[in-house]
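These are my notebook entries on one protein chain. I looked up the fold first in outline and then residue by residue.

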Amino acid sequence: MNSRFAWIIVLGVMVGVVVSVPMDQSRAQAGPLATLDPVSGLVQHQTAFANPQDPAAWQTVIAPLLVNEGDRIRTDAAGLAYLTFFEGIQTEIRANTFVVVSTLDLPADGSVNISLDVLVGA
């Protein structure tokens with residue numbers, strides 16, 4: 001019984017190491033991030049890899065959330081959120097808005113490339 005318990009612990013530690021390495025690498029490769037801060041109303045987020053037509057892929061944001069290039073954000077009639085970019089620039093996402101974070105980039109020359117596609121709203 002004790003050896004079985006020890007194997008479970010060893011296996012758990014090995015799985016934890018294997019899982020944590022790719023997650024850290026993907027964050028490093030993801031590039032610059034922005035933070036989405038919900039202020040009021042309904043604010044929802046969807047990752048770049050999700051199907052925009054899938055209602056279940058939209059997650060309600062209730063606390064600050066990291067946003068990557070390609071992610072989508074939407075608000076309802078009472079929605080308001082702030083999107084703060086990695087270099088400190090902040091933009092307001094107002095009510096009834098649908099935004100795609102198109103570009104979050106820090107080229108080697110030290111410039112900053114940010115672009116948002118506002119499909120609906122302000």
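**Entry 1: Leu-119**

I began with Leu-119, which counts as exposed because its relative accessibility is 55%. For the cut-offs, I take buried as under 20% relative accessible area, exposed as over 50% and partly exposed as in between, with a 1.4 Å probe and protein chains only. Leu-119 belongs to strand 9, residues 113-120. I then listed its contacts (heavy atoms within 4.5 Å). Leaving aside neighbours within four places in sequence, Leu-119 is in contact with Phe-98 and Val-100. From Leu-119 to Val-100 I read 7.6 Å, C-alpha to C-alpha, at a separation of 19 residues in sequence.

**Entry 2: Basis of the values**

I note that this is a predicted model, in which local features need pLDDT of at least 70 and side-chain atom pairs count only at pLDDT 80 or more, while totals for chains, interfaces and linings use all residues. Residues are numbered from 1 along each chain as its sequence is written, and side-chain values use heavy atoms, with hydrogens and water left out.

**Entry 3: Outline of the chain**

I counted 1 helix and 9 strands in the chain. These are DSSP runs numbered from the N terminus, helices being H or I with at least four residues and strands E with at least two. The order from the N terminus is α-β-β-β-β-β-β-β-β-β. Of the 122 residues, 22% count as buried. Among contacts between residues at least 6 apart in sequence, 53% join residues at least 24 apart.

**Entry 4: The open sheet**

Which strands form the open sheet, and in what order? I found 5 strands in the order 3-2-5-8-9, with antiparallel pairing; two strands pair if DSSP finds at least two bridges between them. Strand 3 and strand 9 stand at the edges with a single partner strand each, so one side of each is left without a neighbour in the sheet. Strand 2 and strand 3 run antiparallel and are joined by 2 bridges.

I followed Gln-44, which lies in strand 2 and has Thr-60 as its bridge partner in strand 3. Gln-44 is buried, because its relative accessible area is 12%. Its side chain makes polar contacts (a pair of N or O atoms within 3.5 Å; within protein, one must be able to donate a hydrogen and the other to accept it, and residues adjacent in sequence count only if both atoms are side-chain atoms). The partners I recorded are the side chain of Thr-60 at 3.3 Å and the side chain of Arg-74 at 2.7 Å. Beyond four places in sequence, the contacts of Gln-44 include Trp-58, Ile-73 and Arg-72.

**Entry 5: The aromatic pair**

I found 1 aromatic pair in the structure. The rings of Trp-58 and Phe-98 have centres 5.7 Å apart and planes at 65°, so the pair is edge-to-face. The cut-offs for rings of Phe, Tyr and Trp (its six-membered ring) are centres within 6.5 Å, with planes under 30 degrees apart counted as stacked, over 60 as edge-to-face and the rest as tilted. The pair links distant parts of the chain, 40 residues apart: Trp-58 is in the loop between strand 2 and strand 3, and Phe-98 is in strand 8. Trp-58 is buried, with a relative accessible area of 7%.

Strands 6 and 7 form a hairpin with 4 residues between them, and Gly-88 in the turn has a positive phi of about 105°.

**Entry 6: Two loop residues**

I checked Asn-96, in the loop between strand 7 and strand 8. Its phi is near 50°, a positive value in a residue other than glycine. Most residues other than glycine have a negative phi.

The side chain of Asp-71 makes a polar contact with the side chain of His-45 at 2.8 Å. Other residues that Asp-71 touches include Gln-46, Val-99 and Val-101.
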